[in-house]
Structures are given as structure tokens and as C-alpha cells.
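This report describes how the parts of one structure are arranged and how they meet. The sequence and the structure are shown first, and the description follows.

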Protein chains: 2
Amino acid sequence: MHFVAALDQVPGMKCILGLQENIVTGMADGYYRIARKPACTLLHCGPGLANGMANLHNARRARSGIINIVGDQATFHRPFDAPLTADTDSMARTVSQWVQTSTRSDELGRDASMAVRAAKTYPGQIATLIVPADISWEEAAVVSEPIAPAPPPATDFNVIEVAANILRNNNNVLILLAGTGLSTQAQLLAWQIANATGAAVLADYVIPSIARGRGRMQLERVPYSNTSAIKTLERYEHIILVNAKAPVGFFGYPGMPSRQYSARAQVHVLTRADQDPILALQELAKILDAPAIDIPDPGPRPLPSKGSPTAEKLAQTVAALMPEHAIISDESISYGRDFYRFTHAAPPHDWLHLAGGAIGDGMPVATGAAIGAGKQRRVINIQADGSAMYSLQSLWTQAREKLPVTTIILNNSKYNILIGEYENVGAAPGATAMSMLDIGNPNLSWVKLANGMGVEAAKATTLEQCADLMQNSFKNTGPFLIELMI
Amino acid sequence: MHFVAALDQVPGMKCILGLQENIVTGMADGYYRIARKPACTLLHCGPGLANGMANLHNARRARSGIINIVGDQATFHRPFDAPLTADTDSMARTVSQWVQTSTRSDELGRDASMAVRAAKTYPGQIATLIVPADISWEEAAVVSEPIAPAPPPATDFNVIEVAANILRNNNNVLILLAGTGLSTQAQLLAWQIANATGAAVLADYVIPSIARGRGRMQLERVPYSNTSAIKTLERYEHIILVNAKAPVGFFGYPGMPSRQYSARAQVHVLTRADQDPILALQELAKILDAPAIDIPDPGPRPLPSKGSPTAEKLAQTVAALMPEHAIISDESISYGRDFYRFTHAAPPHDWLHLAGGAIGDGMPVATGAAIGAGKQRRVINIQADGSAMYSLQSLWTQAREKLPVTTIILNNSKYNILIGEYENVGAAPGATAMSMLDIGNPNLSWVKLANGMGVEAAKATTLEQCADLMQNSFKNTGPFLIELMI
């Protein structure tokens with residue numbers, strides 16, 4: 001309560017209300033992915049933190065920087081085990097790189113600076129500061145100077161030279177990009193290197209954001225399907241990792257390997273996730289004498305599609321209509337695995353993905369991304385319906401803050417990805433099992449849900465309707481929701 | 001996936017789908033409170049468990065029995081740290097009395113029996129069984145015989161005799177009931193003892209459920225407000241605890257004690273929360289020669305109220321109209337602290353409260369309670385709007401399962417309890433702080449939200465309208481939502 005009251009005494013904090021903690025933590029993640037500076041969440045006690053943990057898990061996997069302030073029982077009150085008392089510290093550790101429980105008011109300022117430093121440590125970390133009520137309300141707190149985070153460790157020159165030798169002397173080399181290795185600048189360097197050496201370049205499947213569209217590489221991701229991923233990767237004898245992990249399956253499957261790359265492949269770490277890839281890629285290009293070269297033109301921009309929605313035609317329509325520097329928040333799950341192929345020739349844009357696998361990040365990430373871009377960029381949230389029900393409260397914050405978010409709900413009324421996973425594990429679903437994947441009884445009305453939270457909305461059954469609604473929403477400043485029946 | 005697929009191979013499981021895990025865990029809690037037998041939840045990996053942890057926290061505080069089955073990465077896949085890999089075990093421990101990660105298929109049956117035993121251990125426990133995917137899909141699993149839980153430990157005869165002596169020889173004795181000490185039978189015995197000895201009887205503030213209405217004691221709870229609680233309890237020199245804890249504040253406050261009872265009071269534990277109070281109370285009544293006696297008539301049933309809603313008039317209206325053996329799921333938070341006084345003369349009913357303080361349990365508990373009563377009892381969910389937004393997805397399950405739940409949303413468009421807490425901690429909220437407690441910009445339309453999930457709904461601004469809508473909903477079999485503007 002004192003933290004909230006202090007918001008009127010200390011200027012400089014912009015406050016955004018979310019109606020459930022997973023909205024708040026997801027917004028902070030989206031904010032970081034666009035603004036590249038940490039937001040601060042305020043969560044209430046252990047159970048409030050628990051409500052926000054799934055999107056903190058996603059943010060940790062996305063390597064976003066977030067400072068969580070978690071209020072907790074007064075130190076003198078904790079031994080009495082009042083109802084809200086919980087093991088907040090243990091909860092926080094499961095989703096944070098840095099956790100501290102403040103124990104003295106006169107050290108609270110320093111603790112806060114340490115939390116900010118941890119959150120800003122490259123490329124970003126989850127820092128959770130637990131503040132017992134009395135530590136917050138006592139008067140002794142001292143403001144601390146900011147503490148600069150350590151710079152990311154540089155890549156050793158020998159490592160870069162080895163990578164150069166591999167690229168010079170081998171045909172089947174894959175450069176695998178992830179994390180900050182997917183920025184426009186990193187892609188330009190990767191293209192330069194690939195062009196000079198003939199190496200292949202792919203993006204990892206698990207990526208929080210990627211610069212895409214005209215002027216960026218026509219990258220594909222390692223496929224989600226284990227079988228396809230193994231097939232895609234089997235030819236590579238050397239994999240150079242740029243902020244990526246060596247690819248493994250999203251899940252383990254009976255009789256399938258966990259690793260998706262060839263058993264004979266050599267794995268070379270050019271840069272770890274906590275290293276800056278730009279200097280290493282620049283150095284590598286220099287050693288290879290790779291000339292600066294433009295990324296090839298992706299051809300003409302697609303036209304909007306017509307008729308009944310398909311994944312391919314929806315992607316073309318989005319590519320045809322998205323404003324320049326749009327942000328795509330993609331939680332399309334099973335429907336969107338092929339979107340990339342049809343959107344290379346769109347204007348430059350950033351595409352955000354679910355990086356931790358915990359469904360329900362698409363809408364809050366879209367909300368936070370719009371704030372992170374200062375409401376200056378249109379966010380298009382391509383959103384599966386089952387996942388949307390995890391964090392639909394995001395729409396209210398979009399209405400309250402008048403955010404430029406266009407949500408396209410992909411209404412198929414089922415947990416379609418799980419039907420695919422049944423096949424992957426060789427389980428045969430019967431009537432009961434199938435009913436557990438059916439969210440169409442009763443049908444959800446996304447138009448009514450959005451209206452109930454103050455967001456205008458309309459239903460579309462054809463891509464012409466969807467395109468009209470998209471174009472209208474892009475002209476306005478606030479949010480809009482399109483319920484697309486697929 | 002194999003667990004879900006097996007639902008069609010093994011008969012006897014009734015499956016209920018919730019659209020977010022906190023709905024599922026809250027439903028299991030409500031189910032237990034009415035059916036007094038554990039439900040089983042199926043949650044997906046660590047982050048799925050995390051989504052359901054707040055209501056598991058509440059269920060643990062309510063001492064409900066629940067078996068959580070949490071799917072997790074295949075054992076061979078865990079070392080590869082795929083995106084959904086999390087410290088599921090640490091998460092589970094924060095909200096469970098019993099946790100196990102199965103490591104062998106041939107022991108999975110026994111592990112499941114152990115989990116059921118733990119959940120059934122009196123008066124109920126949270127048991128979490130983490131099942132890696134390969135342990136689930138391997139064929140070697142053996143069905144295990146049920147393992148009976150240990151019976152609750154009996155109260156020592158000397159303890160009962162001490163309590164009898166205190167009751168005989170002192171004037172200022174309080175019998176404090178909580179947990180299973182609030183059943184109809186326990187109340188009859190407590191009344192018998194109070195009548196014979198002049199002792200006072202109160203219910204604890206923190207209680208999961210209480211038998212109320214005609215034929216039950218006209219119990220009040222220890223007040224929520226620390227000041228009022230201290231004033232209520234200061235006269236008692238002896239407190240006999242029947243499944244209750246010695247009262248402490250919900251939070252610690254500056255300059256206030258944590259304990260709400262007098263420093264001179266002697267605290268006597270007749271029965272702990274994990275002991276059966278009936279035998280001890282019977283024995284105590286016997287030693288005291290306390291005659292069996294009817295609980296006094298609470299007077300005439302109130303009439304429905306009219307005009308603008310107030311807490312008092314809403315309580316009278318609910319008391320006037322509720323069907324016999326109704327279940328009240330009360331997450332009215334600040335609005336409902338005085339409901340008891342006006343509902344003593346209602347027909348017999350059960351009243352369920354938020355026992356762990358993590359808001360968002362009212363709607364899922366109502367949903368689970370309706371299932372626990374086999375749809376044979378009307379559930380009235382008196383629900384604050386801010387908390388309702390935590391778990392509104394419950395409405396969809398109510399529609400799908402055609403549950404007899406009447407939800408009364410108390411729409412005041414703010415987090416009113418927090419305005420009270422500002423005063424308690426001596427913080428003065430300014431404009432920013434107040435805007436963080438305002439959920440009326442934009443206004444939520446609960447009628448639209450309910451309709452969007454297939455639940456019929458209507459708005460009421462007077463108690464006549466509210467009464468009409470209640471009576472209509474009681475005549476039908478399915479759910480209904482009343483948005484009451486307060």
C-alpha cells in the first residue's frame with residue numbers, strides 16, 4: 001500500500017493497471033521486448049506472485065528484463081502464519097534469476113538498485129524484490145544511486161577464428177540465430193557471412209522476437225514438429241550458435257531423440273544468450289573478408305486474400321495490410337506455424353513469439369508492446385482462442401489505455417494443438433478425451449467478451465471482412481478485436 | 001495426454017473442463033467443501049500448476065483435499081531444458097502438504113494411491129503427484145489397491161478434563177470454532193456446552209465453510225478489522241480452540257499487535273485442525289453434564305428488501321429468498337462483512353468463505369460446490385467485481401455443465417478493500433494511487449461478459465429487480481448472473 005501511495009510523491013512512474021497478475025507480468029514482458037528497458041510490476045504477496053508466474057516463466061525464457069516488487073507480510077507478523085502467508089521466496093526462485101527479501105528499511109534503496117541492475121543485466125533478467133510491509137512503511141529508507149550492470153562478456157577471439165575456419169572449410173554449416181541475434185543488425189551481418197561462405201541461416205524455433213519484412217533476411221524457424229525439425233537439421237555437420245541453444249524438441253516423444261540435430265554435428269557457440277552477438281558477428285565477417293551486401297528483395301508485397309480463412313491466406317492478408325513497423329504478437333499456436341513464408345515481403349515489422357510455452361502470453365504481451373512503443377506502432381495480436389481465455393482481461397487495459405492493438409481471435413473452438421500432441425505420443429483420444437479439448441460447448445462470443453471490457457469488436461467469417469475490419473482499426477487510435485471464424 | 005486418453009478406457013471419472021488452471025483448482029476446492037471427498041485436477045507442467053497455485057493456496061488454508069496430477073517433461077528430456085521445463089517440484093511444495101515426482105511406471109499406481117491417501121488425510125490435504133510424460137506412457141503401470149488414510153488423532157482425555165474445569169470455574173471463556181468444528185453437529189454440541197456453562201461461542205474469521213440458518217447457532221465471526229477483533233476478544237481470559245487457531249490479524253499494521261486476543265488470555269487447544277472435534281465435544285458435554293438442548297429459534301425469516309442496494313438489505317433479501325439447503329459462495333470482500341447478522345433466520349444453508357486470502361476463489365468454488373452437490377442444491381455466489389475478474393472463466397464451465405449457480409456481482413467498480421487498507425497502514429492515496437484502485441474506467445459490463453460465455457444475465461439497480469431475478473433463476477436449472485450496481 002505504501003508503494004502505491006508513494007506513486008503520487010515520487011514523479012516519473014507511469015502506472016498501468018492490469019486486472020490479474022498474469023496480465024501485469026505479461027505486459028512487462030511485452031514492454032521489454034519492444035522498449036528494451038525493464039518495467040516494474042507490483043504484485044501482492046505469494047499468491048499474487050503465483051498468479052503472475054506463468055508469464056514470468058515465459059519472460060525468463062524470452063530473456064526479458066523485469067523488476068517484480070512483491071509485497072509480503074510484515075516481518076513481525078510472518079511467524080503468526082496469517083492466511084496470506086506463503087513461501088514467496090521459493091515461488092519467486094522458480095521464475096527469477098535474482099531474488100531478494102528486504103529485511104531492513106535503510107537497505108531497501110540499495111536492494112532496489114540491485115534489483116534494477118539484475119533486471120538490466122544483458123540481455124535481461126527477472127529480478128524479484130520481496131518487500132515485507134514494515135520494511136516498506138518504516139521511514140528510514142534511503143534512496144540509492146543506480147548501480148550499472150556488468151557489460152555482457154566478450155567472445156574470445158579464438159572462438160571467432162574457429163568459427164571462421166569452419167565456415168571456410170565446410171559445406172554443411174548452419175548459422176542458428178536466436179535472442180538478440182535476430183535484430184536487424186545481426187541479420188545483416190549473418191547475411192553477409194552466409195553470402196560469403198554459403199552457410200545456411202535459420203532462426204531457432206524458440207524466439208521471443210525477430211525483426212522481419214523488407215530489409216531483413218527471409219529467415220525460417222526450425223520447425224516445431226520434431227520429425228520436421230530433425231529432417232531440416234540432419235544435413236548440417238556444423239552448427240554455429242548465435243545466442244541460440246542447440247535445438248531440442250519442445251517435448252520428449254516415445255522412441256524419438258531429444259536432440260533435433262544430427263549425432264555427427266559439431267556444435268560451436270559463437271555467442272551465448274548473455275553475450276552481445278554484434279561484435280562477434282562483425283569480427284567474424286571481417287576475418288572472412290565478407291563484403292557488406294544488401295539483403296535481397298523479397299519480391300512484391302502480397303495482396304489481401306478473399307474467401308474462407310486459411311492460415312496461408314490470413315498470413316497474406318496480414319502481410320498485405322500491416323502498417324510499416326507494426327508489431328505482431330503471435331500466439332496463434334497450431335494455426336500459425338507457416339505464417340513466415342507468406343509475410344517476408346511485408347514492410348519492416350517485429351514479430352513476437354511465445355518463448356516459454358506457457359499459453360496466455362499473446363494478449364498481455366501485445367498490450368505491453370503497445371505501451372513499450374509509446375502507442376506509436378500498431379500491434380496486431382494473432383491469437384488462438386483457447387490461449388486467449390487465459391488472459392482475456394488484457395482487453396480491459398487496452399481499452400483503458402487506448403492502445404493501438406488489433407486482436408485477431410482465431411476461433412476454432414478447440415485446443416487444436418493437443419489433438420496434434422495426441423498423435424505425437426501415440427494416444428488415441430475417445431469421446432471423453434475429445435470433449436476435454438472442445439471449447440465450443442457453449443460457444444464463446446469474443447465480440448461480447450471484448451464489448452464487456454470496453455473494446456469494440458466484430459465477427460468475420462471471410463477474409464474480405466477481416467481485411468475491412470483490420471484496415472478500419474488501423475485508422476483509429478484505440479484497440480479493436482476481430483473474431484475470425486476459422 | 002495419456003492420462004486424458006485413459007479417461008475413455010477406465011470408467012468412473014466425471015470430467016469437467018475449466019478454461020484456466022485457477023478455475024480447475026478452485027472448483028476442486030469447492031467440490032471438496034461440499035462433497036467432502038477429493039477431486040482430481042489435471043494440470044500441465046510447471047507453468048500450468050503455477051496458474052492454479054493461488055486457489056491451491058486457498059484450498060490448503062481451507063484444508064480441502066485435492067489430488068493434483070501435473071504432467072511434466074519426460075525424464076530423459078528434462079536435462080535438455082526445453083521451454084516448458086520448470087522447477088515443478090518447488091512450485092508444488094509451496095501449496096501442497098504432499099508432493100511426489102513419479103520416477104518409475106511400475107510404481108505409478110502405488111504413487112497414485114499414496115496421493116489419494118494424502119488428500120484424504122483428515123480433514124483434507126493438497127497432494128500433488130508430478131508425472132513425467134514417459135512414466136505415463138510406458139506400459140508397466142500396475143493398478144494399486146487403495147491405501148486408507150490414518151484416522152485423525154484422538155484428543156487426550158486429560159485435555160478434555162482441563163477444558164471442562166476451565167468452563168466450570170471461569171466466567172470469561174470463549175469457545176472458538178473453525179474448520180470442521182463448524183458443522184451442524186459440532187455447533188449443536190458447542191451450544192449444549194455454552195448453555196450449561198455460560199461460555200461464549202464465536203467462529204474464527206478464517207473459515208472455509210459454516211453450517212448456518214435455522215437449526216444452527218447464531219454465530220458471529222471474529223471481525224476482520226484488527227481494532228474490532230481486539231475489542232471483541234479482550235474480555236476473554238480463556239479461549240478454548242475447536243479446530244481453530246488463536247486469532248491473529250489478517251495483516252500486520254504499524255503499532256498494532258499481531259495477536260488479537262488479550263495478553264492475559266490462556267489458550268487451550270481442545271482439538272487441532274487435523275483432529276475430529278465431534279468426539280472431543282461429546283466427551284466435554286458429558287463431563288459437564290450439559291443437557292441436550294435445541295438451538296433457539298432465530299425469529300421470523302426476513303422479507304425481501306426494496307430500493308437501492310445496501311449490504312444489510314442485500315443480506316435480508318438473500319435470507320428471504322434462498323432455497324432450503326442453498327450454498328452461499330461468498331467472495332463479497334469488504335461489502336459482506338455484516339451479512340451474518342441478517343441471515344440467521346434463513347433456512348438451513350452452508351456458507352463458504354475465502355480461507356486463504358488470495359482473491360478469485362468465489363466463482364470457481366461456487367462452480368465446484370454445485371458439482372459437489374450433484375446439482376441438487378442452488379449455489380448463490382455473492383461476488384465482488386474486482387475478484388470476479390480473476391476467474392471469470394468459471395462462468396463458461398457453469399454454462400457447459402448447466403450448473404444451478406446464481407451469481408450476484410457486486411459492481412462498485414473499485415478495489416474497495418484496498419481503500420480501507422490505505423487507512424489501516426496510515427498511507428494517504430493521491431490521484432495516481434486512487435486510479436490504481438479504480439476498475440470503472442472503462443466500466444465492465446458483467447451482462448456482456450456472462451453472455452459471451454453462454455450464461456444468461458441481467459442488470460439490477462434496485463433490490464426489487466435483484467429479488468425478481470433471483471427468484472426466476474431459482475426456478476431454472478442452469479446458471480444465471482445478476483449484475484447488481486451497488
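Is the crossing in which H9(A) passes H11(A) left-handed or right-handed? H9(A) passes H11(A) in a left-handed crossing. The model discussed here is a predicted one.

**Helix packing**

Two packed helices are described by the angle between their axes and the distance between the axes.

| Helix pair | Angle between axes | Distance between axes |
|---|---|---|
| H9(A) (residues 184–197) and H11(A) (residues 277–287) | roughly 20° | within 9 Å |
| H8(A) (residues 157–169) and H11(A) | about 50° | 9 Å |
| H2(B) (residues 21–35) and H4(B) (residues 53–61) | about 15° | 7 Å |

The axes of H9(A) and H11(A) cross at roughly 20°. Because angles under 35 degrees count as roughly parallel, H9(A) is roughly parallel to H11(A). On the H9(A) side, the contact comprises Gln185(A), Ala186(A), Leu189(A), Ala190(A), Gln192(A) and Ile193(A). These residues meet Pro277(A), Ile278(A), Leu281(A), Gln282(A), Leu284(A) and Ala285(A) of H11(A). Sorted by class, the contact of H9(A) with H11(A) has nine nonpolar and three polar residues, and no charged residues.

H11(A) also packs with H8(A), at an angle of about 50°. That angle makes H8(A) oblique to H11(A). H8(A) passes H11(A) in a right-handed crossing. Ile160(A), Glu161(A), Ala163(A) and Ala164(A) make the contact from H8(A), while H11(A) contributes Ala280(A), Glu283(A), Leu284(A) and Ile287(A). This contact of H8(A) with H11(A) has six nonpolar and two charged residues, with no polar ones.

In chain B, H2(B) and H4(B) pack with their axes 7 Å apart. At an angle of about 15°, H2(B) and H4(B) are therefore roughly parallel to each other. The crossing of H2(B) and H4(B) is left-handed. From H2(B), the residues Asn22(B), Thr25(B), Gly26(B), Ala28(B) and Asp29(B) meet Ala54(B), Asn55(B), Leu56(B), Asn58(B) and Ala59(B) of H4(B). The residues of this contact divide into four nonpolar, five polar and one charged.

**Domains of chain A**

The domain assignment of chain A gives domain 1 (2–137), domain 2 (157–287) and domain 3 (311–485). Taken over C-alpha atoms, the centres of domain 2 of chain A and domain 3 of chain A are 28 Å apart. Between these two domains, 18 residues of domain 2 of chain A are in contact with 18 residues of domain 3 of chain A. The side of domain 2 of chain A that touches domain 3 of chain A has nine nonpolar, four polar and five charged residues.

**The two chains**

How many residues of chain A are in contact with chain B? The contact involves 76 residues of chain A and 75 residues of chain B. By class, the side of chain A that touches chain B consists of 45 nonpolar, 23 polar and eight charged residues.

Two copies of a chain are related by a rotation about an axis and a shift along it. The same surface serves both copies, as 99% of the contact residues of chain A recur in chain B.

Notes: Residues numbered from 1 in each chain as written. Chains lettered and ligands numbered in written order. Predicted model: local features only at pLDDT ≥ 70, side-chain atom pairs only at ≥ 80, totals over all residues. Contact = placed C-beta atoms within 7 Å. Nonpolar A, V, L, I, M, F, W, Y, C, P; charged D, E, K, R; others polar. Domains from an automatic or database assignment. Axes fitted to C-alpha atoms, helices over the stretch in contact; angles between N-to-C directions. Helix = DSSP H or I, 4+ residues; strand = E, 2+ residues; numbered from the N terminus. Parallel < 35°, antiparallel > 145°, perpendicular 65-115°, else oblique. Left-handed = near helix turned anticlockwise from the far one by under 90°.
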